Amino acid sequence: MMHSTLQQQREIVKQLRKEAALKRILISQAVKDILSYIQEHSNEDCLLKGFSSQKANPFREKSSCAVFSYPAVVMDYKVKIDGGKEDCYFQFVNPGATFYASFQVLKGGDGMAGFLVRNPAGDVVHPYQWMSQSDYQDVSTTGGYYTICVDNQFSKFAAKLVNLYITVVKYDQWEQFNKEIADLDLSVTNFTSILSNVEHKINQILQLQYHSRSRESRDYNLLLDNNSYVFRWSFLQIFCILATSFFQVYFVRHLFEVKSVKPRA
């Protein structure tokens, strides 16, 4: 233990001697050296001259075209809408793409909420309707951002758990695929038509699966609510029965209780 402590002190003294032997310069001289170094290497500084090309820039923004290059976009998620609140969501739709939106209240309050859809022009294409589930489908001609709003303003205290399902499908890409095949002089018309039908069927299957999952989730939440309801009331009834039994025994005993009276002289 003593040897290790002595060794550490020797290392500290050695480091201090190295630092004391360093050459010291004035701060003004150090600033001049830094400025001269910057001026000599200014041509190599990308912050001053920029990058030679966009490919050489590691901080360039990613191209947004790749986001919408897929033939279909599917989103399925659950959101919680607090009482007296309204939440809106925005989905970009390419021109010619098919837009589909659906909602279903899974849990909370009376099990209903408002559902509204606006097209990219701002027109209300699906007005507010207070119901447990609803959907809307449209083929966008101009493209743009669709607005999907879920309203829970009529329920001031109860929050709602809502399942949203949104799809954007571009069926015109299959036609483009057919043209590319035709340019290659390949007679696969039946094959491409079958692929197009499969794409439509897959989209319909996805929508049916979404509705099935929503109904299953809604039934499960209803089962949990009923279980909690039965448990609370059962506990309350047990407490009332025990309290009633206690009071009955107490008053019956007092009814037959004979008080001892001392005779007066």
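User: Which residues does UniProt mark as "transmembrane region" here?
Analyst: The UniProt record, an unreviewed entry, places the feature "transmembrane region" at residues 230-252. Please keep in mind that the structure itself is a predicted model.

User: OK, zooming out, how many helices and strands are in the chain?
Analyst: The chain has 5 helices and 8 strands, and, when you read along the sequence, they follow the pattern α-α-α-β-β-β-β-β-β-β-β-α-α.

User: How much of the chain is buried?
Analyst: Of the 265 residues in the chain, 23% are buried.

User: Let's do the sheets. What is the strand order in the one with S1?
Analyst: That open sheet contains 4 strands in the order S1-S8-S3-S6, and their pairing is antiparallel. Strand S1 (72-81) and S6 stand at its edges with a single partner strand each, so one side of each has no neighbour in the sheet. From one strand to the next, the twist averages 10°.

User: What actually holds strands together in a sheet?
Analyst: As a general point, strands of a sheet pair through backbone hydrogen bonds, and the pairing can be either parallel or antiparallel.

User: Back to S3 then, how many bridges does it make to S8 and to S6?
Analyst: Strand S3 pairs with strand S8 (residues 160-169) over 9 bridges in the antiparallel sense, and Ala101 stands opposite Ile166 in S8. Another 7 bridges join S3 to strand S6 (residues 133-139), again running antiparallel, and there Ser102 has Asp135 as its bridge partner.

User: Which strands pair with S4, and over how many bridges?
Analyst: Strand S4 (residues 114-118) is joined by 5 bridges to strand S7 (residues 144-151), and the two run antiparallel, with Gly114 standing opposite Asp151 in S7. S4 also pairs with S5 in the antiparallel sense over 2 bridges, where Val117 stands opposite His126.

User: How many residues sit between S4 and S5?
Analyst: There are 5 residues between S4 and S5, which form a hairpin, and Gly122 in the turn has a positive phi of about 90°.

User: Is S4 itself buried or exposed?
Analyst: In S4, 4 of the 5 residues are buried, so this strand is largely enclosed by the rest of the structure.

User: Switching to charges, how many salt bridges are there?
Analyst: The structure holds 1 salt bridge, in which the side chains of Asp110 and Lys160 meet at 3.2 Å, N to O. Asp110 is in the loop between S3 and S4, while Lys160 is in strand S8, so the pair links distant parts of the chain, 50 residues apart.

User: Which of those two is buried?
Analyst: Lys160 is buried, because its relative accessible area is 1%, under the 20% cut-off. Asp110, however, is partly exposed at 48%, because this value falls between 20% and 50%.

User: Last one, which residues form the nonpolar patch on the surface?
Analyst: The patch consists of Ile27, Val31, Ile34, Leu35, Tyr37 and Ile38, which together have about 630 Å² of accessible area. One of them, Val31, has its place in helix H2 (residues 27-40), and Val31 counts as partly exposed at 42% relative accessibility.

Technical notes: Residues are numbered from 1 along each chain as its sequence is written. This is a predicted model: local features need pLDDT of at least 70, side-chain atom pairs count only at pLDDT 80 or more; totals for chains, interfaces and linings use all residues. Side-chain values use heavy atoms; hydrogens and water are left out. Two strands pair if DSSP finds at least two bridges between them. A salt bridge is a side-chain nitrogen of Lys or Arg within 4 Å of a carboxyl oxygen of Asp or Glu. Buried means under 20% relative accessible area, exposed over 50%, partly exposed in between (1.4 Å probe, protein chains only). UniProt positions are given in the numbering used here, feature names are shortened, and annotations may be inferred rather than shown by experiment. Patches are made of residues with over 30% relative accessible area and no salt bridge: like charges are joined within 9 Å, nonpolar side chains (Val, Leu, Ile, Met, Phe, Trp, Tyr) within 5 Å. Accessible areas come from the Shrake-Rupley method with a 1.4 Å probe; for residues, only the protein chains shown count as cover. Axes are lines fitted to C-alpha atoms, for helices over the stretch in contact, and angles run from 0 to 180 degrees between N-to-C directions.
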